[in-house]
Amino acid sequence: MKLPTYKPFRTVEEQLLHRCPDPTALTFVGHRQVQGTAAAVEMSPDSVVYRSNRRVLTLDNDNAGFVLALELEGGGDLVRHAARKALGFPPGSNDVALTGVWAGPGIDSNPHDLTFRTFVVTKVRLGTGPWREPKPFRTSLVRSVCNFHGECAVATVVVTEDRKVRGADKVPEGFNWHCTTHGLQSSRYWWRS
């Protein structure tokens with residue numbers, strides 16, 4: 001599974017200039033970046049696979065206790081429950097992927113001062129479909145999975161008549177941005193500030 005990434009704006013800028021008529025005003029929504037370690041869960045009817053950015057994780061080869069915590073909380077059942085809450089997946093949906101950040105005490109110096117470890121879900125995918133922003137949720141079963149985005153911001157970026165992109169330099173730092181303009185919601189237009 002290839003995890004979605006947020007690229008620097010200059011990479012996304014080239015894509016926007018090729019795709020957008022001019023002048024165009026684009027709207028982006030940004031969520032405060034959560035500090036921790038990248039983590040993901042991919043589930044099919046036959047298996048649950050835990051991942052970091054670079055490798056598959058197991059109980060014997062874990063990353064900051066991510067696999068152990070999710071397995072103790074319910075493993076695949078927990079992932080199904082979180083995915084249904086995040087996107088309203090029907091109960092029969094078995095091929096699900098969640099990606100996000102494993103954060104809390106002992107992970108990346110815990111700058112948010114979390115008192116427990118939590119998997120902050122930032123993207124959800126059903127089957128081989130596109131990665132999507134999850135709806136705000138926190139599972140009622142456990143506190144190990146949530147999408148605690150915290151601070152949110154909105155930015156307008158304009159493609160001008162002279163084929164320049166204006167406005168990205170005025171956004172707050174430390175945010176992950178995705179486009180809400182019709183036809184441009186693809187992950188190729190996600191960027192970080």
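Strands are DSSP runs of E of at least two residues, and helices are runs of H or I of at least four, numbered from the N terminus; two strands pair if DSSP finds at least two bridges between them. The model is predicted, so that local features need pLDDT of at least 70 and side-chain atom pairs count only at pLDDT 80 or more, whereas totals for chains, interfaces and linings use all residues. Residues are numbered from 1 along each chain as its sequence is written, and side-chain values use heavy atoms, with hydrogens and water left out.

Strand β4 (residues 48-51) takes part in two hairpins. With β3 (37-43), β4 runs antiparallel over four bridges, and four residues lie between these two strands of the hairpin. Within this pair, Met43 faces Val48 of β4. Antiparallel pairing of β4 with β5 (residues 56-57) involves two bridges, and Tyr50 is opposite Leu57 in β5. This hairpin of β4 and β5 likewise has four residues between its strands.

A nonpolar core is a set of buried Ala, Val, Leu, Ile, Met, Phe, Trp, Tyr and Cys residues joined through side-chain atoms within 4.5 Å, where buried means under 20% relative accessible area (1.4 Å probe, protein chains only). The largest such core holds 18 residues, of which Phe9, Leu16, Leu26, Phe28, Trp177, Leu184 and Trp191 touch the most other members. At least two residues of this core come from each of α1 (9-19), β2 (24-32), β9 (152-159) and β11 (175-179). A separate core comprises 17 residues, including Ala39, Leu57, Val67 and Leu78.

Key
Buried < 20%, exposed > 50% of the residue type's maximum accessible area, 1.4 Å probe, protein only.
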